[in-house]
Amino acid sequence: MSRLAIITVCKNRLTHLKQSLPSFLSQKNSDVIVVDYDCPERTCDYVSRQYPGAKVIRVDNRKYFNNWEARNIGATLAQSELIAFVDADVILSNEFADWVIAHIGPGAFGRMADATELNLHRDDKPGQSSNRFAGLLVVPRATFVDLGGYDHMLEGWGAGGDLDLYDRLQFHGHRTVLLPEHLVKEGIQHSDDERTRFHRMNISRSHLIGTLYRVSKNALMRQFAKELTLQEREKLYRLSTTAADQTAGSKSAQVDLLVVSRDAPGSNYRIEQTITTKVTWS
């Protein structure tokens, strides 16, 4: 039978982890990896002392929180066939590992349904930062390694590092398996201040930059039928940041990418093609 590695990250979320970690450790055929991402509460000391069965990795000198870099670091310790990335504010039901091991294998990945489809929100309108479980991912370790993991260029809550990876998994032909909602017992609700305390930027700015970057990146990948290199991603992120920073007094932001520029053979004219990503708000 396959095994599952459950990876979670903590930076000033020890109160949440104390509630969720027992639900991770109780899963059958599973290993638990906790990433202490320069946590001021010394999560590594607490977990090592209280739960020696969990693996802990300490990352130092990280003033700002980058969930995607932290998850990539945690994945380097995984040896199991499957990896589950679960936030510290998510409490799993007892059957989580059994279900994902039985239903997710090579060529597929598991994620939760869109927030508006969850029974959790059937009687209300989800707020900008309500707990939607969008970051809960189950993926074969070999697939994750082949894709190079999460794109750590994305920073801040709302930047969409999870959505970026879902896009790339689909780009490479991997099938989506929607995880049943009953696999999550509870999501621990908390304030926006708690979510963004260690982020370099606020939610609105990180969301705008992330959207410009992700949508442009996805278009380029499909245009050229390949992943972007690190150098290309760095350039695109700079362009997206600049576009977001130039929105003062405006209701839109856009990135224009010149993808084709060539002289037409045997003629006196030039052909150019541009990909434009524009975000407009009311």
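## Sheet and nonpolar cores of a predicted model

Seven strands form an open sheet with mixed pairing, in the order E3-E2-E1-E4-E7-E6-E8. Strands (E, at least two residues) and helices (H or I, at least four residues) are DSSP runs numbered from the N terminus, and two strands pair if DSSP finds at least two bridges between them. The structure is a predicted model, in which local features need pLDDT of at least 70, side-chain atom pairs count only at pLDDT 80 or more, and totals for chains, interfaces and linings use all residues. Residues are numbered from 1 along each chain as its sequence is written, and side-chain values use heavy atoms, with hydrogens and water left out.

The edge strands, E3 (55-59) and E8 (175-178), each pair on one side only. Strands E2 (residues 30-37) and E3 run parallel and are joined by five bridges; Val34 has Val56 of E3 as its bridge partner.

Helix H6 (residues 161-171) lies across E6 (108-111), E7 (137-140) and E8. Leu137 is in contact (heavy atoms within 4.5 Å) with residues including Ile83, Phe85, Phe109, Tyr150 and Leu165, its neighbours within four places in sequence being left aside.

A nonpolar core is a set of buried Ala, Val, Leu, Ile, Met, Phe, Trp, Tyr and Cys residues joined through side-chain atoms within 4.5 Å; buried means under 20% relative accessible area (1.4 Å probe, protein chains only).

| Core | Residues | Members, among them |
|---|---|---|
| Largest | 46 residues | Ile83, Phe85, Leu137, Val139, Phe144 |
| Second, separate | 34 residues | Cys10, Leu14, Phe24, Trp99 |

Conventions
Axes fitted to C-alpha atoms, helices over the stretch in contact; angles between N-to-C directions. Buried < 20%, exposed > 50% of the residue type's maximum accessible area, 1.4 Å probe, protein only.
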